[in-house]
Amino acid sequence: MEKIPVIYWSGTGNTKLMAEAVAEGIGTAADLKSVSDITPEQAAEYSALALGCSAMGAEVLEEYEFEPFFTALEPFFGRGKRVVIFGSYGWGGSYMSDWEQRIKAAGAELIAPRGTFGYLGAPDEAMAESCRELGAALAKA
């Protein structure tokens with residue numbers, strides 16, 4: 001069974017908790033990694049990816065680690081990669097729809113039930129269950 005990396009950046013720990021729940025949903029194929037623990041080239045070798053990042057500043061991906069990683073990874077999406085994205089935010093959450101559009105434009109397939117899952121504030125059990133469902137959907141795709 002091919003591993004599915006769950007790659008995340010978390011400033012406060014909320015997105016890390018989401019990543020752990022996504023990994024639970026994926027099951028034994030999950031490979032949980034902080035974005036600093038994998039290169040874009042290594043991530044490109046997988047056919048499916050779970051990517052998590054919290055919103056920063058004016059509703060953007062974290063600018064020093066995650067955004068450069070994601071920008072370098074985007075050219076590899078045209079190979080039919082299956083992707084889910086998730087993250088936490090303190091207001092708005094519009095960065096998720098911007099991120100989703102970038103993924104679609106690059107040629108990746110966002111997986112149902114929701115290829116995108118953003119969460120306002122501190123995690124709770126409902127958030128964890130939604131993340132587990134997201135991971136399970138990716139594993140089944």
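Me: Where does N14 sit, to start with?
Reply: N14 is part of helix 1. Bear in mind that this is a predicted model.

Me: Is N14 buried or exposed?
Reply: N14 has a relative accessible area of 18%, and the cut-off for buried is under 20%, so N14 counts as buried.

Me: And what is N14 in contact with, leaving aside neighbours within four places in sequence?
Reply: With those left out, N14 is in contact with S88, G121, A122 and P123.

Me: Which element is S88 in?
Reply: S88 belongs to strand 6, residues 82–89. S88 is buried, at a relative accessible area of 4%. Leaving aside neighbours within four places in sequence, the contacts of S88 include N14, T15 and M18, along with C53, Y95 and Y119.

Me: Back to helix 1, then. At what angle do the axes of helix 1 and helix 5 cross?
Reply: Roughly 45 degrees, and the axes come within 6 Å. Here helix 1 covers residues 14–26 and helix 5 covers residues 125–140. That angle makes helix 1 oblique to helix 5.

Me: Left-handed or right-handed?
Reply: The crossing of helix 1 and helix 5 is right-handed.

Me: Which residues make that contact?
Reply: From helix 1, the contact is made by M18, A21, V22, E24, G25 and I26. On the helix 5 side, the residues include M127, A128, C131, R132 and L134.

Me: New topic: helix 4. Which of its residues are buried?
Reply: The buried residues of helix 4 are Y95, M96, W99, E100 and I103. Seen down the helix 4 axis, they fall within an arc of 140 degrees, so they line one face of the helix.

Me: How far apart are the end C-alpha atoms of helix 4?
Reply: They are 19 Å apart. At 1.5 Å a residue, the 13 residues of helix 4 (94–106) should span 18 Å, which agrees.

Me: What comes just after helix 4?
Reply: G107 does, with a positive phi of about 100 degrees.

Me: Last one: which residues of helix 3 are buried?
Reply: In helix 3, residues 66–73, the buried ones are F66, F69, F70 and L73. Down the axis of helix 3 they fall within an arc of 95 degrees, so they line one face of the helix.

Me: What do they pack against?
Reply: The buried residues of helix 3 pack against strand 1 (4–9), helix 2 (40–44), strand 3 (48–53), strand 5 (60–61) and helix 4.

Terms used
Residues numbered from 1 in each chain as written. Predicted model: local features only at pLDDT ≥ 70, side-chain atom pairs only at ≥ 80, totals over all residues. Heavy atoms only, no water. Helix = DSSP H or I, 4+ residues; strand = E, 2+ residues; numbered from the N terminus. Expected span 1.5 Å × (residues − 1). Buried < 20%, exposed > 50% of the residue type's maximum accessible area, 1.4 Å probe, protein only. Arc of directions from axis to C-beta. Axes fitted to C-alpha atoms, helices over the stretch in contact; angles between N-to-C directions. Parallel < 35°, antiparallel > 145°, perpendicular 65-115°, else oblique. Left-handed = near helix turned anticlockwise from the far one by under 90°. Contact = heavy atoms within 4.5 Å.
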